[in-house]
Amino acid sequence: MPRATFAPAELTISFPDEGHSDDETERLETHQFKEVKEREKKLLRKLGLSFFLFGLINNVLYVIILSAALDLVPPATPKGIIAFCNIAPALAAKVGWPYILKGRIRYTKRLIGCSLLSTLGMLVVALFDSLYMRLLGIGLASFSSGLGELTFLQLSTTYAPPSIAGHSVGYFASGTGAAGLVGAFLWWELRGLGVRLGVGLSSVLPAVIPLTYFFLLPNASSFLYSITPAYEDILSPHLAASALPYTPLAAAEDEVGEEEGSHPSGPKRGVALSASDKWRLVKPLLTKYMLPLFCVYLFEYTINQGIGPTLLYPVPPPEGHWLLSKIIHSVRDYYPLWQLVYQATVFLSRSSISLGLPALPARFLPLPAIVQFGILLTLAYESAYGLFGEEHESMNVFFVFVLISVEGICGGLAYVNVFYRINHEPPDPTTNHDIEQTRQEREFKIGSIGFADSTGILFASILAVPTEIELCSAQIRRGKLLCKGL
């Protein structure tokens with residue numbers, strides 16, 4: 001099935017001639033300017049919505065599986081095995097595809113494959129009661145999610161200029177943030193139907209991805225011309241110069257089925273990045289992008305999985321705690337509350353670019369990791385020893401609420417800004433580039449850092465178990481026994 005295509009933005013602006021007055025000419029050109037701007041806004045809305053849906057659907061199954069962990073395995077089975085099977089295959093996909101495979105990316109085949117694999121994984125979880133079969137289904141869905149995230153980020157690089165690529169990443173990040181809230185809500189509604197029917201119904205969600213790709217996503221050739229020249233350029237006889245197309249990195253599929261991204265004059269076949277090329281590209285990214293992203297996710301998920309379950313307080317009485325008492329009905333309600341606060345703030349911060357807020361300067365990218373580390377130490381101290389004492393438990397709860405909100409904001413800002421900035425990286429000026437090599441370098445660079453967050457999550461899942469045990473022991477030693485009763 002062919003993708004929906006859009007004609008390039010050819011600007012047909014009329015210029016003054018002897019038969020028109022200056023006022024008539026100005027009105028005509030103003031009208032044409034508005035038409036061009038409206039067309040561009042429509043294309044940008046479609047592009048943003050497409051990448052938002054890509055991020056939402058790609059990540060929502062991951063969240064549904066985590067939300068359903070208690071229902072998917074027997075009571076005696078450690079729930080951490082769900083988290084491991086939900087992240088390890090995704091990590092393998094993010095490491096394997098950009099570093100091992102060579103040549104051009106076949107986006108259509110990849111996205112259809114990811115959708116089918118996600119559906120298959122969820123159906124295996126739904127149809128089999130065996131623990132091992134369910135773990136296999138979770139692994140399939142996880143691998144698909146990791147490969148899908150990698151592919152959508154690489155797809156964003158095929159749009160030019162960098163502002164359009166950044167627009168795509170901003171909305172994709174917003175969609176991944178929304179997946180946390182949507183996935184948790186969906187399972188809350190579906191869990192009453194049971195695992196078989198609830199998970200089975202969620203298996204239809206991946207079909208949204210190919211539908212969006214074929215029928216909503218604008219072709220990259222739609223953005224080959226500069227976005228809305230300044231008004232004075234419209235009135236200038238030199239408009240033709242300002243409307244020249246950007247050097248395209250994406251166009252229609254060529255005749256041999258290679259994926260979109262070829263130059264209109266035809267792709268240069270046989271170009272593939274070597275291992276030395278990839279190492280040359282990766283080296284400057286290690287400390288600039290990968291290390292901050294790894295640290296943010298290491299600290300973030302250590303907080304969520306290792307410290308969060310121990311941030312427990314007595315059930316607040318209605319007298320003096322009218323709001324909190326409506327939310328917390330048992331000690332077990334605190335952890336879901338922290339997760340809700342975290343998911344909501346992650347969504348808001350991952351949406352910062354799409355909401356029009358400025359991106360973090362590149363030199364500030366390590367800042368979220370530094371703040372996150374401070375939050376980790378503070379919450380660990382609060383869990384083990386208490387900051388305000390047991391007589392001021394409401395202050396403790398409020399303080400934890402604020403810190404987890406900041407934690408979510410830091411995590412979301414790190415994610416969206418790292419990928420936004422890498423999409424604006426210029427080509428290496430010391431290397432001779434042709435259009436195909438430039439394209440593959442951009443795709444590889446954004447794909448190469450995608451495993452940093454998954455590696456951080458995997459390491460955090462290992463650290464979380466001893467962290468939770470030690471913090472609970474510290475609470476028991478000071479006479480706080482709430483974690484022991486869970």
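Helix axes here are lines fitted to C-alpha atoms over the stretch in contact, and the angles between their N-to-C directions run from 0 to 180 degrees. I'm working with a predicted model, where local features need pLDDT of at least 70, side-chain atom pairs count only at pLDDT 80 or more, and totals for chains, interfaces and linings use all residues. Residues are numbered from 1 along each chain as its sequence is written, and side-chain values use heavy atoms, with hydrogens and water left out.

**Entry: α4 and α5**

I started with helix α4 (residues 107-127) and helix α5 (residues 131-156), whose axes come within 8 Å and cross at roughly 155°. Helices are DSSP runs of H or I, at least four residues, numbered from the N terminus. That crossing makes α4 roughly antiparallel to α5, a label for angles over 145 degrees. I also noted that α4 passes α5 in a left-handed crossing, meaning that the near helix is turned anticlockwise from the far one by less than a right angle.

**Entry: α11 and α13**

Next I looked up α11 and helix α13 (residues 334-350), which pack at about 155° with axes 10 Å apart. These two are therefore roughly antiparallel to each other as well. Y297, E300, Y301, N304 and Q305 of α11 make the contact with Y335, Q339, Y342, V346 and R350 of α13. Contact means heavy atoms within 4.5 Å.

**Entry: the core**

Which residues touch the most other members of the largest nonpolar core? I found F54, L72, W338, L379 and F419, out of 108 residues. Helix α11 (residues 275-307) gives the most to this core, with 15 residues. Domain 1 (31-222) and domain 2 (272-485) each supply at least three residues; the bounds come from an automatic or database domain assignment. A nonpolar core is a set of buried Ala, Val, Leu, Ile, Met, Phe, Trp, Tyr and Cys residues joined through side-chain atoms within 4.5 Å.

I then picked W338. Leaving aside neighbours within four places in sequence, W338 is in contact with G308, L311, Y313, V397, V400, F401 and I404.

Is N417 buried or exposed? At 2% relative accessibility, N417 counts as buried (under 20% relative accessible area; exposed is over 50%, partly exposed in between, with a 1.4 Å probe and protein chains only). N417 lies in helix α15 (residues 393-422) and, beyond its neighbours within four places in sequence, is in contact with I353, A359, L360 and L365.

D434 is in the loop between α15 and α16 (435-448) and is partly exposed, at 22%. I checked D434 against V271: their C-alpha atoms are separated by 9.4 Å, with the two 163 residues apart along the chain.

Conventions: Angles under 35 degrees count as roughly parallel, over 145 as roughly antiparallel, 65 to 115 as roughly perpendicular and the rest as oblique.
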